[in-house]
Each structure stands twice: as structure tokens, then as C-alpha cells.
Amino acid sequence: MAHYYMEPSRTFSEFLLVPNLTTKECNPSNVTLKTPIVKFKKGEKPAYSLNIPFSSAVMQAVSDERMAVALARSGGISFIFGSQSVESQAAMVRKAKSYKAGFVVSRSNLMPTHTLRDVLDLKERTGHSTVAITSDGSANGKLLGIVTGRDYRISRDSLTKKVSDFMTPFEKLVYGKSGITLSEANDLIWDHKLNCLPVVDADNNLDYLVFRKDYDEHKENPSELLDANKSYVVGAGINTKDYEERVPALVAAGVDVLVIDSSDGYSEWQKDTIEYVKSNFDVKIGAGNVVDREGFLYLVEAGADFIKVGIGGGSICITREQKGIGRGQASALIEVAAARDEYYGHTGIYVPICSDGGIVHDYHITLALAMGADFVMMGRYFARFDESPTRKLKVGNNFVKEFWGEGSNRARNWERYDTGGKAGLMFEEGVDSYVPYAGSLQENLGKTIHKIKSTMCNCGSLTIAELQKNARITLVSATSIIEGGAHDVILKENSITGE
């Protein structure tokens with residue numbers, strides 16, 4: 001006989017938070033949103049934690065290297081989409097990892113025999129304005145000079161002019177020696193008014209470059225998410241079909257955290273993928289999506305470092321109406337969080353959970369955290385911003401950005417579906433759409449974070465762990481939902497409502 005869940009499948013909009021005592025200490029400036037993203041043992045620290053509980057979805061319309069940099073700069077993580085060639089995804093990871101670092105391995109290198117045309121071609125390909133000139137054109141060859149935009153004038157210099165004729169030669173460079181600390185390197189940069197400081201070994205072979213802009217950006221973004229080498233923490237999505245080819249390339253590119261992208265993660269395909277990664281690489285991997293205790297435990301026992309929760313709740317997802325599977329996001333999250341806490345109690349191993357889907361309003365994020373999520377994953381939210389990879393269009397009198405699901409025909413992401421290797425989609429599980437254009441990520445994310453911190457203060461909590469422990473949550477009726485918004489008034493045309 002089939003098993004029946006007789007309790008209705010509930011969404012975030014069916015709940016509200018009931019305030020706790022707001023103490024004088026409960027000020028948004030005192031709230032920390034730091035949260036674990038990978039599993040850890042009781043009494044130990046996780047290998048990776050987020051400074052804000054946000055991740056961007058594994059979607060073509062959301063997460064590329066630009067989004068990865070923007071979100072890591074704010075303290076979250078982006079999972080670069082996997083529905084592209086292995087080479088292009090690895091290149092995106094590599095770009096994001098090299099964008100911000102204390103000590104940067106030079107990725108734009110030429111020899112003195114190259115020409116100005118080569119410099120300009122390299123700049124167009126990489127976007128780098130600083131080129132290291134080494135004896136063999138490699139990142140670790142003997143440093144002979146540096147070329148920046150100040151060393152040539154396109155309007156006057158011939159494109160065939162040799163690099164050796166206009167580079168700043170080594171003997172005129174200020175440089176650091178291997179073993180110099182980042183603080184010492186930055187002091188040299190400031191003392192000599194430099195934009196870039198090369199670091200060389202005893203034989204003058206190039207080790208690293210240190211940039212002034214990295215210091216400035218760090219001061220402007222104190223919550224940025226960095227690894228031990230001061231590079232941005234970057235995630236990437238994989239599937240259960242070509243992982244033996246894709247994962248080695250992503251690891252070589254420097255990826256920090258992987259996640260299996262699937263509409264339904266409770267499968268043997270995911271177990272095989274997790275076991276392959278864990279057996280061959282020292283890299284963290286999340287799995288999912290699941291909506292119940294059984295799915296959570298299956299993937300945890302397989303070795304997953306975090307679990308994604310949610311099926312069919314995304315704004316562009318039509319899995320529920322197409323296949324009739326899924327669960328209300330709140331109900332799924334509540335059950336999985338309980339299973340997570342039970343597992344932690346039995347084993348002493350805490351496995352973070354990510355709430356993926358079902359978030360319409362900012363307060364839904366706070367509800368998800370209160371219900372047990374360690375962080376959330378969102379697509380529509382991030383697709384609206386300048387940093388998403390899609391086109392900004394004007395439709396009617398409004399600006400919009402394109403947004404399509406990974407289950408749509410446009411995405412052509414056949415590998416996302418754990419059906420044993422079907423080469424195409426017989427039907428769609430996602431739609432192609434627009435979302436209202438909202439501007440920059442940093443400005444909008446800042447408002448959302450302030451709302452979350454303010455609400456946590458209303459709940460008497462200064463950390464996400466306190467919120468999960470002390471939150472009081474009430475079901476709401478249909479009529480109380482109406483009561484919660486503006487009602488029984490005539491709104492002025494210039495009234496502003498927030499999300």
C-alpha cells in the first residue's frame with residue numbers, strides 16, 4: 001500500500017515568525033550571518049563557511065564567473081553552471097579564482113620578442129592590462145620586464161613594435177623576494193606608489209604578482225569569501241553522466257566546492273558520483289535535491305558534504321505540474337532539518353542543508369533559516385542583477401532580464417536528469433521567461449541582508465544557530481495573509497512596495 005503524507009504540503013507563505021524578546025543587544029550591527037556550507041564534526045570548524053547564507057543557482061541564466069566574483073565579494077558562493085562544455089566551465093572557474101588574490105600567479109605572459117599586437121591580443125582575450133615579460137613566456141620564467149597600458153600608445157606605436165623596445169625592464173622595477181608577506185608586499189606597493197608588485201625567487205624567476213586593486217577591494221568588501229590563498233571561493237555544478245571527465249578539469253581549475261545539479265537527487269546515480277569524487281579528489285561536494293528524511297540520509301551516507309532541499313518550488317520550474325512529484329518547500333525543509341539534527345545527535349557530524357526554491361519574498365529567506373536551512377540557493381533573485389550573464393532588454397516600458405530553467409529546452413541540459421543517460425528531453429520541466437531588472441547585486445543584496453538581520457533581532461537572535469533554536473513560527477490562514485498586506489486603502493500611484 002502506498003504511504004500517505006496526510007499533513008498538507010506547505011509553502012513559506014503559510015508561515016510567519018512570532019517575535020521573541022528583543023534585547024538591547026539585538027541590533028542589526030551585532031548580527032552575524034556566518035554559516036557552515038560543508039559538514040564537520042562536533043567541536044571542529046568546517047573547511048568552508050559562508051559569511052552570508054546565500055548561494056546562486058546552478059543555472060545558465062544566473063551563475064557564470066562574473067556572478068561568482070560578485071557574490072564571493074559579498075560573502076556568498078556561486079555555483080557556476082555545468083550545462084556547458086567541460087573546457088568552458090573550467091575556464092570560468094579559473095577566471096573567478098584568479099580574479100582576486102593576494103599573491104596572483106601571472107596568467108598573461110609574453111617574451112621580449114613578441115609585439116605590441118601580441119600584447120593587445122592577449123589583453124582582449126584575458127582582460128588583463130598587466131603583462132609579465134619572461135624569458136620563456138611562462139608564468140614562472142625569468143622576469144625580464146613588465147608591460148602595462150602606460151608603456152605604449154596605440155595611436156603612435158606600430159603594432160609590430162617589439163615588446164623589448166617598450167616594456168619596463170627588470171632593472172627599473174620595484175619587486176619583492178619570495179617569502180615576503182602580503183602585508184610587506186602591500187607596504188612596498190604603497191611606499192613606491194605602484195599598481196603591481198612582482199615577486200621573484202633568488203634567480204629572478206617570477207613567482208607571483210601582487211596588485212594594489214586587490215588591497216583596495218578587500219577594504220571595500222570586508223565580508224568577501226576567500227580561501228587560504230586570498231582567492232575567491234568558487235563553486236561549480238556537475239551532473240551524474242560526465243563527472244569522470246568534468247570533475248578532474250574543475251579541480252585542476254581550482255574549484256573549491258562542487259554540487260550535483262539534479263531535479264531529483266534521491267538516486268543511485270548520485271551515490272556513484274559522490275563516491276567517485278570522494279575516492280579520487282580532495283574537494284567538497286554537495287548533493288540533492290531531496291524533500292524528505294529518507295533522501296537526506298541516503299545522500300549523507302553516500303558521503304555528501306551538504307544537501308540541497310526542494311523539488312518543483314523554483315519560479316521557472318514546472319516539475320510538479322509535469323510529473324506530479326515534489327513537496328511544498330516549507331514541509332520539505334522542516335522534515336529534512338529534523339533528520340539533520342537527529343543525525344548530528346547520533347553521529348556528532350553536522351551536515352548543512354541548503355533550501356533551494358520556493359523563495360518569493362525576502363522574509364522567506366529568514367523563514368527558511370529559522371526552519372533549519374544553513375543557507376539558501378536562489379535563481380530568480382540573482383537573475384535580475386547586472387552581474388547575471390543574460391541580456392537586459394526593454395519590454396514595453398520596463399527593463400527586464402532573460403531567465404530560463406535548466407529543465408527547459410533552451411537550456412538543453414539533458415544530463416541534469418538521472419534517467420540513466422537519455423540523450424534528450426521528451427518534455428520540459430522548466431520555462432523560458434523574463435524577470436524585472438533590478439540593478440546591481442551589491443545594492444540589492446545589502447537591502448535583503450539588512451531585512452534578515454532586522455527580523456532576527458525581532459526574534460531575539462544574533463546568529464543563525466540562535467534563530468534555528470529559538471524561533472517561534474506560526475501557521476497563517478488565507479484571510480490573515482490578506483490582512484498582512486496593504487488592504488482597505490486606495491494606494492497612491494507612487495507608493496513603493498518592497499519585495
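Visitor: With which residue does D227 form a salt bridge, and how far apart are the closest N and O atoms?

Guide: Please keep in mind that this is a predicted model. A salt bridge is assigned when a side-chain nitrogen of Lys or Arg is within 4 Å of a carboxyl oxygen of Asp or Glu. Here D227 pairs with K97, and their closest N and O atoms are 2.7 Å apart. D227 sits in the loop between α5 (212-220) and β14 (235-238), while K97 belongs to helix α2 (residues 86-99), so the pair ties together parts that are 130 residues apart in sequence.

Visitor: Are D227 and K97 buried or exposed?

Guide: Both residues are buried, which means that each has under 20% relative accessible area.

Visitor: How many salt bridges does the rule give?

Guide: The count comes to 16 salt bridges. Another of them joins R327 to E335, with the closest N and O atoms 2.7 Å apart. R327 has a relative accessible area of 16% and is therefore buried.

Visitor: Which parts of the chain does the pair of K451 and D362 link?

Guide: The closest N and O atoms of K451 and D362 are 3.0 Å apart. This pair links distant parts of the chain, with K451 in helix α13 (residues 441-458) and D362 in helix α11 (residues 362-370), 89 residues apart.

Visitor: Let us turn to the backbone. Which peptide bond is cis, and what is its omega?

Guide: As a general idea, most peptide bonds are trans. In this model, the bond from G288 to N289 is cis, with omega near 10°. N289 is part of strand β16 (residues 284-290).

Visitor: What is the phi of K193, and where does K193 lie?

Guide: Most residues other than glycine have a negative phi. K193 is not a glycine, yet its phi is positive, about 55°. K193 lies in the loop between α4 (182-191) and β12 (196-200), and its relative accessible area of 73% makes it exposed.

Visitor: What should I note about the phi of K230?

Guide: K230, also not a glycine, has a positive phi of about 65°. K230 is located in the loop between α5 and β14. With a relative accessible area of 39%, K230 is partly exposed.

How values were computed
Residues are numbered from 1 along each chain as its sequence is written. This is a predicted model: local features need pLDDT of at least 70, side-chain atom pairs count only at pLDDT 80 or more; totals for chains, interfaces and linings use all residues. Side-chain values use heavy atoms; hydrogens and water are left out. Helices (H or I, at least four residues) and strands (E, at least two) are DSSP runs, numbered from the N terminus. Buried means under 20% relative accessible area, exposed over 50%, partly exposed in between (1.4 Å probe, protein chains only).
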